[in-house]
Structures are given as C-alpha cells and as structure tokens.
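Please have the sequence and the structure open while I talk.

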Amino acid sequence: MPDTGTPIVVDAAIAESAGLVPGASVSALQRGRGGAMDVDAVADAVAAAPPSAVVLARPPWADPPAAALAGVAMLLDREVVWLPPALAQAAWAVALIANWAAYSQPRDLVRRAQVAVGLAALPACRLPRRPWGCERVQMPALRPMALARWCDRLWLPCAHCVVGGGAPGGACGRCGHEQVTA
Ligand SMILES: [Zn+2]
C-alpha cells in the first residue's frame, strides 16, 4: 500500500463545488448530454481507478442522473461512501474527505468519511459551525486534522451491515440505515 493516501472517485460537479482539481488521486466523472452519467463511462472510470479507491456518491434518490456511479461502483466491489443528499453539504464533505485522502489509508478514510457525512447531516450536532462555500451553509468549524481525530473517536459500527458505521445518531455511511447507536 503506498503511503501517499487513498484515491477518490466523485461526480465532477461535486468536485468542482468542493474546489478540487482532478488528477491522479481525484477521479472526477463528467456527465453526458442531458445531465446524466453514462453507465459505460462510469464503468470505465471506476475500473481504471486503483482497487483501493473510495467512491463518494450522493444517494440515488437525491441525484437520480448520477445513480450509475454508486451502482457501478458496488458491482465492481469498490468501497462507496454515501454523501449528504444536499449538494452544498456533499461538497463540504468531499473537500474534507479529499484532504484526509492525501494521507489516510483506505480503511481509516472510509471510517472518517462515514462520520463526517453523519456530522454534516445532523441538525442537532453540537460542534461549532461556520459558513462554508458559495451557499454559506453552516458546517463544522474544525480544521481537517482536528476533525479527523474527532471522527476516529466517534465512529461506531452499524448494527445492520458488516463494514458500515458512522457518527452516533447519524445514518450509516454504508447501508444508509438511519441511526447508528452505541
Ligand atoms: Zn450499515
């Protein structure tokens, strides 16, 4: 395993909102005409990514034209982390996950991402918040390194699937079950 981190695969629109530049460690999938992802293009891109790559996708019900990404990734046995449904929150999570991906091994990255997604979606979260991105959404106001440590401490396994888990009280980042509890 290289110590250069974990590659990620994400919708180009979310990557752009997150301020990411596609490259060797960030594979950004463009949409075809009509705004939908082409299944063949998705399959080629996911197959070309390293086996350790983590696929970041919004739930299909939140973004139906991009549903091929998560579906194909699962069929190709890639790790998928469900992003928050709203684009602005998804972009915040992707920016953070991409930061961690530069120095995190896949298993650590997946767990941190599962917690971060839960924190993003939890309205009652008691973390201090600050406006983030063009839409000025209120997101946790912690630096990525500090938030990574929080995520490592907070992660709980999901009782409804094998490798899933997330933030206490948040949705499972693997199967989407609504409440991960201790
Ligand atoms: Zn689960």
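**Helix packing, burial and a few loop residues**

Before the details, two remarks on the source: residues are numbered from 1 along each chain as its sequence is written. This is a predicted model, in which local features need pLDDT of at least 70 and side-chain atom pairs count only at pLDDT 80 or more, while totals for chains, interfaces and linings use all residues. The element names come from DSSP runs, numbered from the N terminus, with helices (H or I) of at least four residues and strands (E) of at least two.

Two packed helices are described by the angle between their axes and the distance between the axes. For helix H2 (residues 39-48) and helix H3 (residues 67-75), the angle is about 50 degrees and the axes are 9 Å apart; axes here are lines fitted to C-alpha atoms, for helices over the stretch in contact, and angles run from 0 to 180 degrees between N-to-C directions. The crossing of H2 past H3 is right-handed, that is, the near helix is turned clockwise from the far one by less than a right angle, anticlockwise being left-handed. On the H2 side the contact involves Val39, Val42, Ala43 and Val46, and on the H3 side Ala68, Leu69, Val72 and Ala73, a contact meaning that two C-beta atoms, placed from the backbone, lie within 7 Å. By class, this contact of H2 with H3 has eight nonpolar residues, no polar and no charged ones, counting Ala, Val, Leu, Ile, Met, Phe, Trp, Tyr, Cys and Pro as nonpolar, Asp, Glu, Lys and Arg as charged, and the others, Gly among them, as polar.

How do H4 and H6 cross? The axes of H4 and helix H6 (residues 144-154) come within 10 Å and cross at roughly 90 degrees, which makes H4 roughly perpendicular to H6. Leu96, Asn99 and Trp100 of H4 make this contact with Pro144, Leu147 and Ala148 of H6, and the residues divide into five nonpolar, one polar and no charged.

Staying with helix H4 (residues 87-101), its 15 residues should span 21 Å at 1.5 Å a residue, and the end C-alpha atoms are 20 Å apart, which agrees; the expected span is 1.5 Å times one less than the number of residues. H4 is mostly covered, with 11 of its 15 residues buried, where buried means 20 or more other C-beta atoms within 10 Å of a residue's own, exposed 12 or fewer, and partly exposed in between, with C-beta atoms placed from the backbone. Among the buried residues of H4 are Trp92, Leu96, Ile97 and Trp100.

Helix H5 (residues 106-121) has 16 residues and reaches 23 Å from its first C-alpha to its last, close to the 22 Å expected. H5 is also mostly covered, since 12 of its 16 residues are buried, and these include Arg111, Arg112 and Gln114 as well as Leu109 and Val110. Covering the buried residues of H5 are, among others, strand E3 (54-57), H4, H6 and E8.

Ile8 and Leu56 lie 48 residues apart in sequence, yet their C-alpha atoms are 7.1 Å apart in space.

Two loop residues deserve a careful look at the backbone. Asp77, in the loop between H3 and strand E4 (79-82), has a positive phi of about 65 degrees although it is not a glycine, and Asp77 is exposed, with 8 other C-beta atoms within 10 Å. Arg136, in the loop between strand E5 (129-132) and strand E6 (137-140), has a positive phi near 55 degrees, again in a residue other than glycine, and Arg136 is exposed, with 10 other C-beta atoms within 10 Å.

Finally, Leu142 sits in the loop between E6 and H6 and is partly exposed, with 18 other C-beta atoms within 10 Å. Leaving aside neighbours within four places in sequence, Leu142 is in contact with Leu127, Leu147 and Trp150.

Key
Angles under 35 degrees count as roughly parallel, over 145 as roughly antiparallel, 65 to 115 as roughly perpendicular and the rest as oblique.
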